[in-house]
Amino acid sequence: MTADPGRWPLRAPRPTRAARAYYCFEGGWSLLHALAFTLALLYQVQVAGLTPLQLVVVGTVMEATCFLFEIPTGVVADLVSRRLSVLIGAFVVGLGILVQGVWPSFWPIVAAQVVWGIGWTFVSGAVDAWVTDEVGERAVQPLFTRAQQLHLALTVVGTVLAGVAGQVSLQLPLLLAGAGYLVLALGLSVVMPETGFRPVPREERETWAHLRHLLTTGVAAARQPGVVRSFLVVALLVGLSSEVFDRLWTARVVESFALPSVAGFDDAATWFTVFALVGSVVSLVASLAANRLAGPRLNALHPNRLLAGLVLVQVAGILAFALVDSLWPVLVALWVKAAARTVAHPVQAAWLNRNVESHTRATTLSLTSQADAVGQVLGGPPLGALATRTSIPFALVVSAGILAPAALVLARLRPPRSRREGA
């Protein structure tokens with residue numbers, strides 16, 4: 001990349017500081033998220049005593065909260081401060097996790113999902129928009145890829161910590177993670193810069209007028225043929241298909257297979273910690289290998305075929321997970337699906353960020369997250385009911401069929417005419 005000789009020396013320190021803060025955020029968030037959620041479902045069943053219906057309600061409340069608050073919090077990030085939005089989000093997420101760990105019963109856990117969901121929407125979109133403004137659009141894709149690898153590595157650490165703490169108490173990982181998020185928010189307030197974002201001056205702010213303007217701009221971008229609209233369709237399809245898999249894959253393993261006994265370990269908590277750990281390692285290796293062997297394709301300005309292929313790998317993984325009748329091949333299918341999604345995520349994030357205007361970036365990114373949440377809210381209950389009436393494998397096969405068209409949407413997407421002519 002050729003730098004602008006008139007400006008680059010003035011901006012050189014900024015990406016370095018912002019990149020380090022971004023790595024701190026991604027690494028800390030990933031470790032704490034794994035610590036909190038590796039055994040969270042097991043905690044809800046064994047300690048809180050939630051019924052299957054209550055488990056579904058908990059998940060639906062979380063997704064509905066994300067849906068309702070994505071746009072308002074995205075607008076806050078665009079008008080006031082993306083840095084502040086991230087800090088608020090980390091703090092509120094910590095509170096939500098602490099509520100769930102302290103009060104192991106249905107209604108406090110439902111309330112915790114609302115708090116957690118609000119916190120997450122302050123972060124969703126804002127952190128990617130913040131770092132893109134800080135380092136520049138051309139430099140952000142390698143940053144996303146390295147952060148994804150850091151995310152995977154520290155997810156492994158967090159998973160191990162969850163397994164160790166879970167041997168003491170299934171509440172302990174939640175309590176440690178909730179406190180950790182509060183510490184993360186405090187640390188980020190010291191090291192996280194914000195020099196690339198220019199908020200609207202206070203005296204010129206017209207909150208509702210800006211809200212309407214930003215929403216109108218985002219919706220207009222979504223209606224135009226191109227990357228943003230296609231990504232909204234993909235996000236909706238992913239949401240429709242993913243909720244049933246995320247909620248039922250554990251039940252599929254527990255109901256269909258006998259967990260092995262190795263060196264005296266045969267309890268579900270130990271084995272599901274191992275499954276999560278192996279899955280994180282596989283995803284990390286896949287990300288590192290893809291970056292080394294296919295770096296130019298990952299960094300391409302228009303990686304439509306690559307992303308379409310990764311969607312097809314996920315579809316194949318879901319089908320194999322649903323239909324194979326042996327434990328270890330089923331787990332391999334699970335890990336391959338997760339690895340494909342891991343490799344695709346930073347490529348997709350960078351591609352979308354390159355095609356969104358800076359002043360509405362957080363709001364437009366929030367729209368894609370909202371499309372995913374809508375899909376999960378709409379797709380989860382019907383597919384869950386289908387699994388109850390028929391079987392979990394049948395519902396998973398249907399979810400694979402819902403996801404498959406996303407590959408076609410991506411494969412048919414073409415670069416803007418100006419880029420094709422300039423190539």
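Reader: How many helices and strands does the protein have, and what makes a run count as one?

Author: The secondary structure comes to 19 helices and zero strands. Residues are numbered from 1 along each chain as its sequence is written, and side-chain values use heavy atoms, with hydrogens and water left out.

Reader: What is the average pLDDT of the protein?

Author: The average is 79, and 79% of the residues score at least 70; pLDDT is the predictor's confidence in each residue, from 0 to 100. Over residues 1-15 the pLDDT is below 50, and that stretch has ten contacts beyond near neighbours in sequence (contact means heavy atoms within 4.5 Å). Residues 418-423 are also below 50, with five such contacts. Where pLDDT is low, the predicted coordinates should not be read in detail.

Reader: How much of the protein counts as buried?

Author: Of its 423 residues, 49% are buried. The term means under 20% relative accessible area, with exposed over 50% and partly exposed in between, using a 1.4 Å probe and protein chains only. The accessible surface, from the Shrake-Rupley method with a 1.4 Å probe, comes to about 19,300 Å². Carbon and sulfur atoms hold 66% of that surface.

Reader: Why is L410 called buried?

Author: Its relative accessible area is 1%, which is under 20%, so L410 is buried. L410 is found in helix α18 (residues 405-412). Leaving aside neighbours within four places in sequence, its contacts are F231, V234, N304, L307, A308, V311 and W351. L307 is 103 residues away in sequence, yet the two C-alpha atoms are 6.8 Å apart.

Reader: What makes the pair of F37 and W116 edge-to-face?

Author: The search of the whole structure finds 13 aromatic pairs. In this one the ring centres are 5.9 Å apart and the planes are at 80°. Rings of Phe, Tyr and Trp (its six-membered ring) pair if their centres lie within 6.5 Å; planes under 30 degrees apart count as stacked, over 60 as edge-to-face and the rest as tilted. The centres are within 6.5 Å and the angle is over 60 degrees, so the pair is edge-to-face. F37 is in helix α2 (residues 13-37) and W116 in helix α6 (residues 106-123), 79 residues apart.

Reader: Why is the pair of W116 and W120 called stacked?

Author: Here the planes are 15° apart, which is under 30 degrees, and the centres are 6.3 Å apart, which is within 6.5 Å, so this pair is stacked. Being four residues apart in helix α6, W116 and W120 are separated by about one helical turn. Ring pairs link F25, W29, F37, W116, W120 and Y181 into a cluster.

Reader: Are F37, W116 and W120 buried or partly exposed?

Author: W116 is buried, at 10%. F37 is partly exposed at 26%, and W120 is also partly exposed, at 30%.

Reader: How do you know that K337 lies over the face of F245?

Author: K337 is 4.7 Å from the ring centre. A charge sits over a ring if NZ of Lys or CZ of Arg is within 6 Å of the ring centre and within 35 degrees of the ring normal, so 4.7 Å meets the distance limit.

Reader: Why is E243 called buried?

Author: At 7% relative accessibility, E243 is under 20%, so E243 counts as buried. E243 is found in helix α11 (residues 227-256), and apart from neighbours within four places in sequence, its contacts are G59, E63, Q376 and G380.

Terms used. Helices (H or I, at least four residues) and strands (E, at least two) are DSSP runs, numbered from the N terminus.
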